Amino acid sequence: MACASFFRRTVSFGIRFLCKANNDCVISPDIKFICRSCRYNNCIKAGMRREQVQQKKDEQKMPKYILESRKLGVQEIVRGYTTTRSTGSVTSGSDSPTNSTRSNSPEFSSVSETVYEISSEEKSDLENEQFSTILNARHDELLQYYVKQIERATVMRKCELPEDAYQQFLVSKKINDQLALDICQTCPGTDLLEQADLDVLFRYCSFSSLWMDSAWLTVSSNTSNDITGGDTVTTNRNVLGYENEYEKSAEGTNLSSTLINFILRFHSNITTELSRLQLDVFEYAALKSFCIWKLALLDSTLTLKIVAQEQYSAVTSAISKYYHYDKNMDASEVATRLGDITLILGSIFNVYQDMLQMYQTLGVDLSIDN
């Protein structure tokens, strides 16, 4: 999976790697720093085909140095050595046999060997950049992706819902399932998953988009938190904000009482915890990603487990950076805060199991097609 992602990224970004040796380096998962030129050649030998790689259409998902080089008309970027413009001499870009990490400072070269140098500021940006090759995304971009999904969910929830409790739930679930489907289709790394993996992922995305988002928006509304940079979020028709209305409309029916009992358990176990933690939108975005991908680790294929672990690692890295630079928290404070957030995952898993039982009782379809 990692080699497939590496090959796709190399081709779509138009990168050509250079080998310092004789293009016969040993390629093995046991070696920490692998020659990327020889790794690419092995991909070709294994049967990977350049013509079957789709080109990136969204420039926002491209690294900065790729975009800058294309603005200069450079279609092929050579990485592995640095080239000085004045002398034209080629020297090694590292003391090691290969440059196998993104922290190396690439020079830009076209097919005709016209060379462009990057500024010291750009080199610094590249050195500080944390990038996931498997997900083909920077860590901070991944966290921002979940923030945007939450903002989108906030907008979509501002709609009129039926008065009947059960019908209100069904309409809300339909809206949030659209959000869940969007995550399955657009989230970095999901393009690597087979349909069976996406079916599993959808269930956790649906749970997180409906129940977790609702709980956090309820807490945010009650504390008048501004999560989107604009007006204070309101949840006037929030599914989780109207237990009393559900109780009044239940009138002893089994369907409504089943739904109400689950909502009350959810409030007791999850909403109260979110109220205690008082997460801002970036923290909740991290928690939501943990809900989706940590739960997906429980019953998934090897491919889904690899993507899930990469998601967890990348988001953890991004939220840690956020704490450090935006919140001025030291390492111990960051560890404590992350510990508080991840501890809630045990309760979330238990409530998720309760939701599955509730859906089974109500006859609610969990498939991605519905």
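**Figure 1. Burial and overall composition of the predicted model.** Of the 370 residues in the protein, 47% are buried (under 20% relative accessible area; exposed means over 50% and partly exposed in between, with a 1.4 Å probe and protein chains only). This is a predicted model, in which local features need pLDDT of at least 70 and side-chain atom pairs count only at pLDDT 80 or more, whereas totals for chains, interfaces and linings use all residues. Residues are numbered from 1 along each chain as its sequence is written, and side-chain values use heavy atoms, with hydrogens and water left out. The protein contains 13 helices and eight strands, taken as DSSP runs (H or I, at least four residues, for helices; E, at least two, for strands) numbered from the N terminus.

**Figure 2. The largest nonpolar core.** This core comprises 72 residues, and those with the most contacts inside it are F207, W211, M212, L274, L287, W293 and I348. A nonpolar core is a set of buried Ala, Val, Leu, Ile, Met, Phe, Trp, Tyr and Cys residues joined through side-chain atoms within 4.5 Å. Elements giving two or more residues to the core include helix 5 (139-156), helix 6 (165-186), helix 9 (254-277) and helix 13 (345-362). Helix 7 gives the most, with 14 residues.

Figure 3. Not counting residues up to four places away in sequence, M212 touches F207, F266, I270, L274, Y284, L287, C291 and I348 (contact means heavy atoms within 4.5 Å).

Figure 4. The 25 residues of helix 11 (residues 302-326) should span 36 Å at 1.5 Å a residue, and the end C-alpha atoms are 36 Å apart, which agrees; the expected span is 1.5 Å times one less than the number of residues. Buried residues of this helix include L304, V307, Q311, I319, Y322 and Y323. Helix 11 is followed by N328, whose phi is positive, near 55 degrees.

**Figure 5. Two loop residues with positive phi.** Q278, in the loop between helix 9 and helix 10, has a phi near 50 degrees, a positive value in a residue other than glycine. Q278 is partly exposed, with a relative accessible area of 34%. N328 lies in the loop between helix 11 and helix 12 and, at 65% relative accessibility, counts as exposed.
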